Amino acid sequence: MITENNTAPPLVLATRILAVGSLLGLIVLGLAWELYLAPIRPGSFLLAFKVLPLCVPLAGLLKNRMYTYRWVSLLVWLYFTEGAVRAYSDKPPSNYLAMVEVVLCLTLFVACALHVRLRLKAVRKEG
């Protein structure tokens, strides 16, 4: 929450940066993975479209909208599931990229959950 001097508490700012960073990381990883690093089939680019739903909440996170943090924490589980399945079933290097995806998803979820909790706590303190 924004305090009277228009600065966010440091922990709220840290969770915001972590959430935006991990979301950007998921977008970049998804594109690089499916286009260059380990596509399912050479020349196939259609699976790269899986990052489009991740681009939608980016604007909301950058604008610091509480609602976006809440629903991103639910959306990220779809990508977590994909990462977990592919980490178990794919061959290297794809399974390593899937493990990175799982870590980024967990980071994004924790950052969003903490951000919402800390902002609500800050509002209760002010009110």
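Reader: How many helices and strands does the protein chain have?

Author: Helices (H or I, at least four residues) and strands (E, at least two) are DSSP runs, numbered from the N terminus. Here the secondary structure of the protein chain comes to four helices and zero strands, and the order from the N terminus is α-α-α-α. Along its principal axes, the C-alpha trace spans about 55 × 25 × 20 Å. Keep in mind that this is a predicted model, where local features need pLDDT of at least 70, side-chain atom pairs count only at pLDDT 80 or more, and totals for chains, interfaces and linings use all residues. Residues are numbered from 1 along each chain as its sequence is written, and side-chain values use heavy atoms, with hydrogens and water left out.

Reader: How do α3 and α4 cross?

Author: Two packed helices are described by the angle between their axes and the distance between the axes. Axes are lines fitted to C-alpha atoms, for helices over the stretch in contact, and angles run from 0 to 180 degrees between N-to-C directions. For α3 (residues 66-89) and α4 (residues 94-126), the axes come within 8 Å and cross at roughly 160 degrees. That makes α3 roughly antiparallel to α4 (under 35 degrees counts as roughly parallel, over 145 as roughly antiparallel, 65 to 115 as roughly perpendicular and the rest as oblique).

Reader: Is the crossing of α3 and α4 left-handed or right-handed?

Author: Left-handed. A crossing is left-handed if the near helix is turned anticlockwise from the far one by less than a right angle, and right-handed if clockwise. By class, the contact of α3 with α4 has 19 nonpolar, five polar and five charged residues. Ala, Val, Leu, Ile, Met, Phe, Trp, Tyr, Cys and Pro count as nonpolar, Asp, Glu, Lys and Arg as charged, and the others, Gly among them, as polar.

Reader: And what about α1 and α2, how do they cross?

Author: The axes of α1 and α2 (residues 52-62) come within 10 Å and cross at roughly 160 degrees. That makes α1 roughly antiparallel to α2, and this crossing is left-handed.

Reader: How do I read burial, say for A122: buried or exposed?

Author: Buried means under 20% relative accessible area, exposed over 50%, partly exposed in between (1.4 Å probe, protein chains only). A122, in helix α4, is buried, with a relative accessible area of 14%. A122 and V12 are 110 residues apart in sequence, yet 9.2 Å apart in space, C-alpha to C-alpha. W71, in helix α3, counts as partly exposed at 28% relative accessibility. Of the 127 residues of the chain, 39% count as buried.

Reader: Last one: which residues line the largest cavity?

Author: On a 1 Å grid over the protein atoms alone, a cavity is a set of points where a 1.4 Å probe fits but cannot get out, and lining residues have an atom within 4 Å of a point. The lining here is L26, L29, G30, W33, K50, V51, L54, Y79 and E101. Helix α1 (residues 10-37) gives the most, with four residues. By class, the lining divides into six nonpolar, one polar and two charged. About 40 Å³ of space lies in this cavity.

Terms used: On a 1 Å grid over the protein atoms alone, a cavity is a set of points where a 1.4 Å probe fits but cannot get out, and a pocket is an open set with protein on both sides within 12 Å along at least five of seven lines; lining residues have an atom within 4 Å of a point. Grid points are joined across faces, edges and corners, and a volume is the space filled by probe spheres set on the points.
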